[in-house]
Amino acid sequence: VSVMAEQVPPDSRRCSYFFLYDGSKVRGEGDLTREGICYFYPEETPLDQQELICGQLAGVSRCVSELSFSPVRVLRLRRHKFAIRVKDDFFWALGCPVEVPSVSICQLLDQLISLFCFYNGSISLSYQIHSRDILAARWAQYLSRLQSGSTDLHHIFSCLKTIDSTIVDPLLLLKAALILQACQRCPLVLAGCILFRGRVVSTQMFPELTMKVMVHENETYKKVTRPSSSSGWFGGVSSTTVFLTASELQYLQLTPVHKDLQLVLSFSSQLTPAGDSQPLKSRLSRTLSDVGSTDSDLSDPGSAQVPQKGSFEVAGNAVLCPVVSQGATNLASHLNGKQMVEKDEPQFHRCQSSGSDAHGGEQTCSKDTATIDLTSRGVDTERRSCDKKEDGTTAQPLGSGGSDSQHESPLIPMMLYLHRVKGLVLALLVEPHFLNDSTSMEEVYHSSLASLNGLEAHLRTMSPGVPGAQGPPGLYSFAHYDSIQSTLTTNLSAGGGAGAERPFVRAASLLHSHFCTTETLQEAIIRSASAAVYGTRTVAQETYFQQHGGTLRNSGIPNHQDSAFLLPSKARHRLQKHGVNLL
Amino acid sequence: MKCLLIASESAEVLFHWTDREFQQTVQQQYGESQEEGQGLPAFEDSISTLFAPIIISCSTMVDRLHESYTSFTTENNHVYVLHQMDEYLYIAVNGDGEEGEDDLRRKIYVLKKMIEVLFGMVTLSSTLLRRELRPQDTVHRARLWRHLQTLLETYCHLQQNDQSFLVEAVERLIHPTLCEQCIEFLERRLVQQLNSSVERAGEEVLHAFILVHTKLLAFYSSRNASTLSTSDLLALIIMVQNMYPSNMELEDPSPEEGESTSGSGHESFYTPEPSPTDPDSSGSDEARKGGTPVFEFVDPDIQMAEDSLQTLEIPPPDPSTPRRVFLEVSLKEGLYPMMPHSMYCLPLWPGITLVLITKIPTGALAMSVYKYLEAFAKLEKRLMEGQEGSAASRGQPNMHEVRNKLDKFIKLLGPREIQTMQLQNVWTEFKNRAFSRGGPGFNKDLIPWCKHMKTQLCGIYKQCFLTDFGPGHNSQHLSTSLQERAQAMVQEKLMDWKDFLLVKSRRNITMVSYLEDFPGLIHFICVDRSTGQMIAPSLSVTERTTSELGKGPVAQFIKNKVWKLVSTTRHYLQKGYSTVTLRDGDFFFCYFLWFENESGFKLEAGDIPVLPDDFAPIGMLAWDYYRKLLRYYSKSHQGEVVKCYELLTVHLGVIPAEIILQHCRQLASRLWEPTRNPLL
């Protein structure tokens, strides 16, 4: 019996192996392989076996990359497949059971590495500063965090846990968005998100970044909040240093906040002038208190709420989903990371672009870059893997180019400011000196405190159970993935994907891989003797549907009356009540 | 950038094939000096140095973790597929995006199949096969490798251009009257005459068939012959194509094509001219004799200069010498794989070939060897499982019975040859250990002796059917005059049809006849997996000829879509999905696999086994997936003859799905209607 097979955890966690190997520690003849092993999961693996796996995989990968002049991306064994990343002397490998799509496992490894870098800065520096044990504990923490998906579908689609918008009053979402926008008026605040019990309520950041921020929130949620020295006098506030890549920073600075804010304000018929004429402080507090009162007016389920619902949703969504439009990306791709790298520069730059005219800021940036080499690759990192124009093999190296440059480009230290009110957390990415600027801090803290309390109180009463348990299970299974917002809506039970739901998950996994590798594919129906699954996708979404019950009577011959071919219309009909609109 | 190699566990390269690009890459890594060196051995060394760490890592993984690599993918999309079969490691590489993991795995299996057809049961002994695949004599090695390389190239060319090799089923020429006449002719005139001639030297024609390019015009099997499996038939077609390549473009050559093939373009890997280094090839000799014309598709001088192997050329043997091929024989008492046959390829005109498969007089010996091999393999298995003593010896087959039979068998062989003496010695030693009173008897210590016995038996087999067969021993076959007579008879019969056939083979059936009934239908492929036959409108995509799909890029685009569709649906089938519909760009694709009984009644769809990704490829050539599928499905339909069909369609996306499905249904029933069935 295979040793490797024995070690597959019984609960079929997504990851069965993960290790980081530092080849620079094993150079000489007498050097032991164990010297190079920075971290190995599962930690209980005998050391000689760790050495064997690390040594062989790293060795064979090097050999292959020398033959092909390119690093290995996916390495498959009979029972496991490994996503591989190489950066200088560091070699990462993440192993999963072979059923997990290559697309997903590569994404997971990249996430894991970027998560580490987000909290610790560059890999090589981290290992110079900290002991292996400390960093090993962090790898373990990030790994367990990324594996915490509730269904097998979460192993296929990398997604954010969001608050179930169908059971939350849209006004609350709007309120959350407004709190974030108000905070952002402090020039030292880059962007933020509001989380409730480990779920996203509202975010101004793109999904990958929100995901990273959530890891810390999750940790502090468990522990007793320990305020950092600089902010000891604020209750529930803590902070930690984080590191952004140049492209992440650029992206945050380019988000057209002001435009969105104005949109929101006009929709909520608040007469707040958007100009800069008013003093900053009064504007901050006034906006928030105004919204607070509006909220209390409307929060009782009265008729006033109904007619406005539509418009609020529009505004809410606009804020919830930071624009990942092609335009923004193109713009970002013209910018260069270099000016952000010099540590004095960002502040200057930040002040420029956070002026009243966002456009002006952009122009400044473009002018700066004209003299510097353009490295547009970094921006690709943030693009969805499925957008890649690759057609062919199943094992596509996803986001390959992007992730590389993500590691190569120097990281810029920033602060993550967290303000906790019971289950609710306001997380803000701020300039490092924000914490020394007591005026700004006070402003942000006091102006948001009341609103946060109010929001918390509402959310506590409004979110009843675990979202996801929507729709009658047993009649049909569905999964709807929004690749722009990285959200997954499904009626699979938590811990699902076993038993009767297994065929659905398997089909969704196959179809997802197919969609990812075939750009032109729009719709598919696949049928085995026991299950027929329908999958459809647009640029932004993927939807999978399976009808249960009723015997699938078929002989496999083409027949237009066959129930399998009625799936598209059934899906359209059924999913409408889940807020999924299939055209 | 392509490469395929077979390595032993000790990282010795037993065979390699590389395209020019890969060769250049290797040479770059080892400096130009190597290039001017000894040619072949130098390159071989580079290859083995480059791959050695990978091969060694593979065996370490197997030994210590019981795991093995199946594939690597690099960031620039190079794909490596590794496959361990017996004691050999096959590695296939693609660096130009033309082949995916599945294609490479298929290529590995096809190479293995071709080796089995060429070496038969010698493949069952790794010691012997190693010696066969890598002869000490470099000239001999170069010749053998060149032969395998061209076979592989021919296969790749067919797989990429011929629909029947895409879906791995035989395509027949659709002309019922002519086909019927030809079959009758083969039966009543040709085979009868050959088998009653005294010049046949003990051989007996079992199968006779006429190929027009890759399509079957007529196929006749004599009454006492077992069925020729689709897998074997497809392998034989590859061999015929390798000897007498039919390049469609050649029939109306255009200047561009001439240039592209003589240059270093990617097409140059396909060498339609039979390799002069090939010992068994009759091509160049035929040309010299002025008999049948042979395509001179590559300028021989250029070929000579480009191919360093040419320097190792030796004169080819007599063209009338048949090829030894090892094919499956199914008899009432059981299935015998890799039984020796002789294959005669008689070219009638360019593109049209008559193939005769004969049973050789000593064929029965092969069956005995196979039975003994099986007996020792089973004994070995029982001993490995821990059975001892009489439990091991009395199993099926009973070793005491085997002992008596084998004693007689060895006596019959006669002690004249060294090989027989060796077998005798090992057998005596085996008997001493297993049967004598004081001996250790049947226990684990006997396992190595089972292996020795198997090696010795394979040695006997090799001596009888491989060594015996070559220059000097060519008396035992249909006489040259008999072959010439057969050739002339069929030529005479088909003389008036020859041009028609060549055109017909290119446009076997055309979409035109279906357009009226099936508006919006662009293409379809129908396969009868029970008989291993397929039917599809022609998809010839050449620069010069305008197909129904239009010219150049459009036709090429659709062709690519069809090829991609086949690989996609195979992937779903491997995972248990027998129906697939896809809306892809402006097209709508359908795939159906279903079962019927003999009277055409549609049977309920059954569960199809879910196979791992690195499993043998789905098809009929290298590993007969469909035969196993049919056997699996038949278990739940005992007493019924089960048939299996597949239908692939490509429609315009604007056609409503309901209409498309109706089309599929109509096509499915129409194509296999007995009265309209053009396949039989």
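Modeller: Let us begin with a definition: two strands are said to pair if DSSP finds at least two bridges between them. The model before us is predicted. In chain A, five strands form an open sheet in the order β7-β6-β10-β9-β8, and their pairing is antiparallel.

Biologist: Which strands stand at the edges of that sheet in chain A, and why is one side of each left without a neighbour?

Modeller: The edge strands are β7 (199-203) and β8 (237-245) of chain A; each has a single partner strand, so one side of each has no neighbour in the sheet. From one strand to the next, the twist averages 25°.

Biologist: How many bridges join β8(A) to strand β9 of chain A?

Modeller: Nine bridges join β8(A) to β9 (residues 411-421) of chain A, and the two run antiparallel. As one example, A:F243 has A:P413 in β9(A) as its bridge partner. When you follow such a strand, remember that in a regular strand the side chains alternate between the two faces of the sheet.

Biologist: Which strands of chain A does helix α8 lie across?

Modeller: Helix α8 (residues 170-184) of chain A lies across β6 (189-196), β7 and β10 (424-430) of chain A, and it runs at about 150° to β6(A). Helix α10 (residues 246-254) of chain A also packs on the sheet, where it touches β6, β8, β9 and β10 of chain A; its direction makes about 110° with that of β8(A).

Biologist: What is the order of the strands in the open sheet of chain B?

Modeller: That open sheet of five strands has the order β8-β7-β11-β10-β9 in chain B, with antiparallel pairing. Its edges are β8 (215-221) and β9 (323-331) of chain B, each of which pairs on one side only. Neighbouring strands are turned against each other by 30° on average, direction ignored. Between β9(B) and strand β10 (residues 334-349) of chain B there are eight bridges, and these strands run antiparallel. Within that pairing, B:V329 has B:Y336 in β10(B) as its bridge partner.

Biologist: At about what angle does helix α9 of chain B run to β9(B)?

Modeller: The angle is about 165°, and helix α9 (residues 230-243) of chain B lies across β7 (204-212), β8, β9, β10 and β11 (352-359) of chain B. Helix α19 (residues 480-494) of chain B lies across β7, β8, β10 and β11 of chain B, at about 65° to β10(B).

Biologist: Which residue takes a positive phi in the hairpin of β11(A) and β12(A)?

Modeller: It is A:S486, with phi near 55°, in a hairpin that has four residues between its strands. Strand β11 (residues 476-482) and strand β12 (residues 487-490) of chain A pair in the antiparallel sense over four bridges. There, A:Y481 stands opposite A:L488 in β12(A).

Biologist: Let us turn to the two chains together. How many residues does each chain give to the contact?

Modeller: Chain B gives 67 residues and chain A gives 65 residues. Between them the chains bury about 5,800 Å², 57% of it on carbon and sulfur atoms. B:L65, B:E75 and B:Y577 supply 13% of the area that chain B buries against chain A, more than any other three residues.

Biologist: How many salt bridges are counted between chain B and chain A?

Modeller: The count is four salt bridges. In one, the side chains of B:D613 and A:R76 meet at 3.2 Å, N to O. The largest share of the side of chain B that touches chain A, nine residues, comes from α3(B).

Biologist: In which sense do strand β13 of chain A and β14(B) pair?

Modeller: Strand β13 (residues 521-527) of chain A and β14(B) pair in the antiparallel sense, over six bridges. Here A:R527 has B:T579 in β14(B) as its bridge partner.

Key:
Residues numbered from 1 in each chain as written. Chains lettered and ligands numbered in written order. Predicted model: local features only at pLDDT ≥ 70, side-chain atom pairs only at ≥ 80, totals over all residues. Heavy atoms only, no water. Contact = heavy atoms within 4.5 Å. Buried area = accessible area lost by both parts, 1.4 Å probe. Axes fitted to C-alpha atoms, helices over the stretch in contact; angles between N-to-C directions.
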